[in-house]
Amino acid sequence: MASVLIAVTGVDYWTLADGTKHPCGYWPEELATPHRVFKEAGLGITIATPGGARPTDDKAGYTPEMNGGSAQAGQAIADYIASIDAELGSVGVLEDVDSADFDLLFVPGGHGPMEDLAISKGFGKLVREFADAGKPVAAVCHGPAALLPAVAPDETWLFAGYELTAFSNVEEAQVGYADKALWLLEDRLKAQGGLYSKSAEPWAELVVVDRNLYTGQNPASSEPLARRLVAELAG
């Protein structure tokens, strides 16, 4: 049975440019939907966070405003997160993970990864281990921030020259944080040498694959990205 490591942020805040801490964590849809797809495909699933901290869901992810105006859609996500509460209460310690035990690395988004995973040299080393072994490395929305600390032997960014996507500046502006952030993910990925692309319309799904790097732009991209990964493992 193929196995997936879901690396989730361990923080419940994101530090803004003015020093204030915005309450957040992981984005619920981006954990719930891939988890469901992976489970239905029969993959073994391990959730791990830095220090083994219980991950915090960003409550904004359940609101109708963030689910196409649908309270029902937000409730469905909340119900799924509740259904895996035991897993979320006993997550693994990311620093103790052995990449050899897994076939796939997946990072959900939310602003949290921009706070902890994006600056974790230890996590960068883990990402490189997966990449060097030819295993899929995947991230969605703000999750690609977790790819930033992965470096090649010459200390250049591991994914420089790769085609990829992530939450766009336009989308960040539309949720009200583009002018409050210390840095924007789209800008940072481009500055590091990533060949960034985005959907023609904000919030439309987009999955970009280059070699063994799989990225999704936004919450709507969570399911198509997960299904693409399942197909790759099956193939």
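How do H1 and H7 lie to each other: roughly parallel or roughly antiparallel? The model examined here is predicted.

## Two helices side by side

Helix H1 covers residues 28–40, and helix H7 covers residues 222–234. Their axes come within 9 Å and cross at roughly 30°. Angles under 35 degrees count as roughly parallel. H1 and H7 are therefore roughly parallel to each other. Their crossing is right-handed.

Which residues of H1 and H7 meet? From H1 come Glu29, Glu30, Thr33, Pro34, Arg36, Val37, Phe38 and Glu40. On the H7 side they meet Ser222, Glu223, Ala226, Arg227, Leu229 and Val230.

## Aromatic pairs

A pair of aromatic rings is described by the distance of the centres and the angle of the planes. The model has 5 aromatic pairs. One of them joins tryptophan 14 and tyrosine 177. Their ring centres are 5.9 Å apart, with 70° between the planes, and the pair is edge-to-face. This pair links distant parts of the chain. Tryptophan 14 belongs to strand S2 (residues 13–15). Tyrosine 177 sits in the loop between helix H5 (169–174) and helix H6 (185–191). The two residues are 163 residues apart. Tryptophan 14 and tyrosine 177 are buried.

Why is the pair of phenylalanine 159 and tyrosine 162 edge-to-face? Planes over 60 degrees apart count as edge-to-face. The planes of phenylalanine 159 and tyrosine 162 stand at 85°, so this pair is edge-to-face. The ring centres are 5.2 Å apart. Both residues, phenylalanine 159 and tyrosine 162, are buried. Ring pairs also bring in Trp157, which forms a cluster with Phe159 and Tyr162.

## Charges over rings

Arginine 211 lies over the face of tyrosine 162, 3.7 Å from the ring centre. Elsewhere, the charged end of lysine 135 sits over the ring of phenylalanine 130. Here the distance to the ring centre is 5.6 Å.

## A look at aspartate 103

Where does aspartate 103 lie? Its place is the loop between strand S5 (92–93) and strand S6 (104–107). Aspartate 103 has 31% relative accessibility, so it counts as partly exposed.

Leaving aside neighbours within four places in sequence, aspartate 103 is in contact with Met1, Ala2, Ser3, Lys135, Pro136 and Leu233. Among these contacts is Lys135, the lysine that sits over phenylalanine 130. Tyrosine 162 is 59 residues from aspartate 103 in sequence. In space, the two are 21 Å apart, C-alpha to C-alpha.

Key
Residues are numbered from 1 along each chain as its sequence is written. This is a predicted model: local features need pLDDT of at least 70, side-chain atom pairs count only at pLDDT 80 or more; totals for chains, interfaces and linings use all residues. Side-chain values use heavy atoms; hydrogens and water are left out. Rings of Phe, Tyr and Trp (its six-membered ring) pair if their centres lie within 6.5 Å; planes under 30 degrees apart count as stacked, over 60 as edge-to-face and the rest as tilted. Helices (H or I, at least four residues) and strands (E, at least two) are DSSP runs, numbered from the N terminus. Buried means under 20% relative accessible area, exposed over 50%, partly exposed in between (1.4 Å probe, protein chains only). A charge sits over a ring if NZ of Lys or CZ of Arg is within 6 Å of the ring centre and within 35 degrees of the ring normal. Axes are lines fitted to C-alpha atoms, for helices over the stretch in contact, and angles run from 0 to 180 degrees between N-to-C directions. Angles under 35 degrees count as roughly parallel, over 145 as roughly antiparallel, 65 to 115 as roughly perpendicular and the rest as oblique. A crossing is left-handed if the near helix is turned anticlockwise from the far one by less than a right angle, and right-handed if clockwise. Contact means heavy atoms within 4.5 Å.
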